[in-house]
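I opened my notebook to go through one protein model.

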Amino acid sequence: MRRGGEGHGKTMPDGDCNAHSNETDQLHQLEEAKPLLDMLSEPTVAQDTEHRILWANKAAARSVAADVEEVQGRRCHRIWARRKTPCPSCPVEAALRNDEPRQEEIASADGRTWLVRATPLHDENGRVVGAITTTLDITHHKRAGENAQDGTPRFRQLFELTPDTVFLLDEDGVFETINHLTVTGHAKEDLIGRHFSEVPFLSEESKEKALQHFKQRRRGDDIPPYVIAVKEKDGDTRYAQIKAVRLPDGKILGFARDVTDQKRKERHARASAEEMRVISDTAMELSKCDTIRDVCGLTGDAIMAFNPEAYVIVTAPDEPSGDIRIQHTAGFSPYLERLTSLVGMNPERLSFSTADMTERERELFTAGRLVDMPGGLHALSTRKIPRPVCTAIERLLGIDTIYTMGFAIDHTPYGGAVILLPSHASLRHREAIEAIIRQAAAVMERTLAQRALQASEAQSRALLDAIPDLMFHFDENGVIIGYRGARTDLYRDPDEFMGRHIHDVVPKELAETTMHHIERALDTGEMQRYEYELSVRGEPRHFEARMTPVGDGSVMSVIRDTTRRKEIEEKLRHHSAAIAASMDGIAILDEKERYVYVNDAHAGIYGYDDPGALIGESWKKLYGGAEQQRFEEDIMPTLRRRGRWRGEAVGLKKNGDRFPQELSLTMLDDGGLICVVRDITNRKEMEKELRKSEERFRAIFEHAMVGIYKTTPDGRILMANPAMLDMLGYDTFDELRERNLEEEGFEPSYDRQRFKQKIESKGRVSGLESSWKKQDGSTLHVRENARAIQDDSGEVQYYLGTVEDITERKRAEEQVARLNDTLRLINKIMRHDILNHLSITESALELFVQENDPSFHETAHSHIRRGMQLIKRMRELESLVGSGGELRPCDLHEVAEEAIADCPLDCSIKGEGTALADDAIYPAVENLVRNAVQHANASSVDIGISSHDTMVELRVADDGTGIPDDVKEQVFTERYSHGNTGGSGLGLYIVRHTIERYGGSVTVMDNEPRGTVFVIRLPRAEQS
């Protein structure tokens, strides 16, 4: 640092560690400069070539809440960066290496940003012996610069936080700015500066629609939101809802929301309804089939309807031989001649013996679901077709994957469906295809073979930050159970400490310290660190120990020898000279208000290359007439009265330009003063830009399609945009502001404490879905994103968040779930009840053939008619639920009459009642009657119906063997069967599932004096 007015090229010495006289001189110079250095507001330190602090001013000590004496002698990077090594971009390293001043921006551990300038120090021989560093906190300006570039902090955070794409078009339709592209996957830089009609992801139709709306919006017309299709980079199509508003300056502020998921869910709901229609139609047609070939043909055609690019084979037993034979194929016609040539015969004439299947093939074939068959066509043909021929067929057809699902009884396969997919296709409508295959095999039960998955466990191991010479493994009691390291570094030989307690190995004080840290490591789960001194082989040595819990109740301890480090620290010198340097302008004026010292920065701020040009000049040279008058009438009197003054002023540069500055003046005891000045031109321009951008980003808040709010941690609502008010059904913000979220929330079950814990621990909440109550009491489903906004001290001021209405999406998901639930119930009813009807039909026909009794023939016809009627009802039920229809009044007396129509027992019905249900109530009640016939060994069934306030009760009582108490709670469980007469375990499960779908209940109890009573309670229908 050069002293103004005295030999401008001379460098002050910083002292030589080996020359006591130089050190004494520099300490004297330090004492002289100390008052000046302590007046500086920026941290200033002098350090040697090893980064040890030789001297520090008060500002440097205050920055780490310490005294000057506590800072001296420590390395700078350990104090401010909390690092063991110098910072990667350390300007001191560069200054020492290149012998010239350097400055860098460095972030400290507490999140602040500092501008650090390092100036080399020389001894009287010109050698570099250290450096002077001055540090300026530029965190505020850094943030201000970032905010000025992109908008106000509050609305910039909102701009980035909004999940929708927000963009700004100029009057001609050119993109000026955009937050992000959530829909297309393109970078926002691809759009800035381009007309919106030139973007690559819009189709011609979408461009035409967008141009039309742009023209209307530019005229000021009110255009509702509209949807356009866009192309992603990978070629997939997505859909975006566009809303745009015209700003006062003629620009267009637009919002784009990704509605692809909603569109897909709507398509999925329609596809599910179409699946159910095809399944129902196929079931009706299958009930009319007379031959196995017809059943196979309908099954294959239905599968092809869902997967037209596939090849389908349906096999079934050949009656003469019992072998599995191909009964139907689809998709092979163009290749039939070539396939016949490869196989040596028409492939449809191939037959396969189940005895030729391996156990694995049999297991897959009878799994009761579509599975990927390994081994390809060679395995499916049970090796009757040579492997080379199978490979040639797969290449001819381009086969990539083969799925199969077999028909089986008691794990004995007797046919099934095979789907061969080319490499460009994938299996679609898998569940619908499985349902159709099960319907084609309605006389069989589905058997599921599930393989247990074995979970693999991995033992986690502790990761060590550093591995020094030794490592010891302790159990929880302090016994040494392992070690690694050089034997020469050990306090004792391994055979003297392995398996022994630490108290038996080392001195008592060290043993107690070690046990203390073992216990703390196990209690806290955190690494423990401590230092100790121990004599090893007669030599005193210093060690550092780090203990980490392993997870099995033991502790791993890593020992580092720090003896050499301690020796070096003892030899370090803590004294040297320091010279202040600053990035701000610093000047000293004498009692006559003339400059006696000016640093380079001060001269440069005013446009002077040489600080000497200002030495001896009055301060008035650097200020205009009006500002001089302000100094003389206001600033200087205040300075003399209080001893200091700080504020803003307008400086005058050498070329006549005026600039805003931040000025700090301090009176000295001898009548002089210290002047510290900072050019704040950039900050003023930033503030101007901030004010200018406020109005533009305010438009985002007012016109965004998502709700935007600002709330305090104590529950007060500070802000809510119009979209938020519309979502919650409020007319004005004043109405909403009366609510306190800490007391009532948006909904009684809304867990605000969990929301606060999450957002205050992580700083933000993303994609939180919950249900809120609107003002009218209706439910609103929302997706919430929020961020905690903190002040400079880290205190949370408020939560800024966005809320997206996802009610329609939730409804679509519920509709899909309801359709799938109904599909599963229909499948279970049809598989269970039709099987019963077919079993009775088969038995009746066998008796009719044996005894030629017409009553058995009539019984068979009756159950065929009832099976077809059941299919018809299930089809009506599917249409009703699929269209969102409601339950209807059902006469329970009529339901009971149909349930006992073919019952061979003495039956009676008493009472009347009408309940809310649908056609599934008929097979439910019939299942209870059939249960008494087939499984209870009953002689009579009595059905009683009674109406209550809001419910109707239907009781089915029999005089059979009854149900044990320990079984009653399980009879409604799927596939639970009891006793010698136990059935499939589906009947009562279907009954419970059906009744609960109506909002009712079904229970079972003992009948008196014997038997069982099933009690059904259903919502009562309103009587007209």
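Below are my entries, grouped by topic.

**Entry 1: the model**

I noted at the start that this is a predicted model. I kept that in mind for every entry.

**Entry 2: salt bridges**

I began with a reminder to myself. Side chains of opposite charge can pair when their charged atoms come close. How many salt bridges does the count come to? I wrote down 34 salt bridges.

I looked up Arg678 next. Arg678 forms a salt bridge with Asp584, and the closest N and O atoms are 2.5 Å apart. I then checked where the two partners sit. Arg678 is in strand 26, residues 673–679. Asp584 is in the loop between helix 18 (563–571) and strand 22 (585–589). Are Arg678 and Asp584 buried or exposed? I found both of them buried.

I looked up the accessibility of each. Lys810 has 21% relative accessibility, so it counts as partly exposed. Glu769 is partly exposed too, with a relative accessible area of 33%.

The side chains meet in a salt bridge at 2.3 Å, N to O. Asp919 lies in the loop between strand 34 (914–917) and helix 28, while Arg888 lies in strand 32 (residues 888–891), so the pair ties together parts that are 31 residues apart in sequence. I checked burial again. Asp919 is buried, at 11% relative accessible area. Arg888 is partly exposed, at 33%.

I also found a network. Salt bridges with shared partners join Asp584, Arg646, Glu648, Glu662, Arg678, Arg683 and Lys684. Arg678 and Asp584 from my opening pair are among them.

**Entry 3: charged patches**

Which residues gather in a patch of negative charge on the surface? I listed Glu171, Asp172, Asp249 and Glu695. I followed up on Glu695. It lies in helix 21, residues 681–703. Why does Glu695 count as exposed? Its relative accessibility is 57%, and exposed means over 50%.

A patch of positive charge came next. Lys688, Arg691, Lys692 and Arg696 gather there on the surface. Arg691 is found in helix 21. Its relative accessible area is 59%, so I put it down as exposed.

**Entry 4: cysteines**

I reminded myself what to search for. A disulfide is a covalent bond between the sulfur atoms of two cysteines. How many disulfides does the count come to? I wrote down 0 disulfides. I still looked up two cysteines. Cys296 is buried, with a relative accessible area of 3%. Cys390 counts as buried at 2% relative accessibility.

Most residues other than glycine have a negative phi, and most peptide bonds are trans.

Where is Asp99 found? I traced it to the loop between helix 5 (91–98) and strand 3 (102–107). Asp99 has a positive phi of about 55°, although it is not a glycine. It is partly exposed, at 38% relative accessible area.

Asn937 also went on my list. Its phi is positive, about 55°, and it is not a glycine. I found Asn937 in the loop between helix 28 (921–935) and strand 35 (940–947). It is exposed, with a relative accessible area of 62%.

Then I checked a peptide bond. The bond from Glu1008 to Pro1009 is cis, with omega near 10°. Pro1009 is found in the loop between strand 37 (1001–1006) and strand 38 (1012–1019).

**Entry 5: a buried asparagine**

I ended with Asn721. Its place is in the loop between strand 28 (717–720) and helix 22 (722–728). Asn721 is buried, with a relative accessible area of 0%. How far apart are Asn721 and Gly707 in space, and what separates them in sequence? I noted 6.3 Å, C-alpha to C-alpha, and 14 residues in sequence.

Key:
Residues numbered from 1 in each chain as written. Predicted model: local features only at pLDDT ≥ 70, side-chain atom pairs only at ≥ 80, totals over all residues. Heavy atoms only, no water. Patch = residues over 30% accessible without salt bridge, like charges linked within 9 Å, V, L, I, M, F, W, Y side chains within 5 Å. Areas by Shrake-Rupley, 256 points an atom, 1.4 Å probe, with all protein chains shown as cover. Salt bridge = Lys/Arg side-chain N within 4 Å of Asp/Glu carboxyl O. Lys, Arg positive; Asp, Glu negative; His and termini not counted. Charge placed at Lys NZ, Arg CZ, Asp CG, Glu CD. Helix = DSSP H or I, 4+ residues; strand = E, 2+ residues; numbered from the N terminus. Buried < 20%, exposed > 50% of the residue type's maximum accessible area, 1.4 Å probe, protein only. Disulfide = S-S within 2.5 Å.
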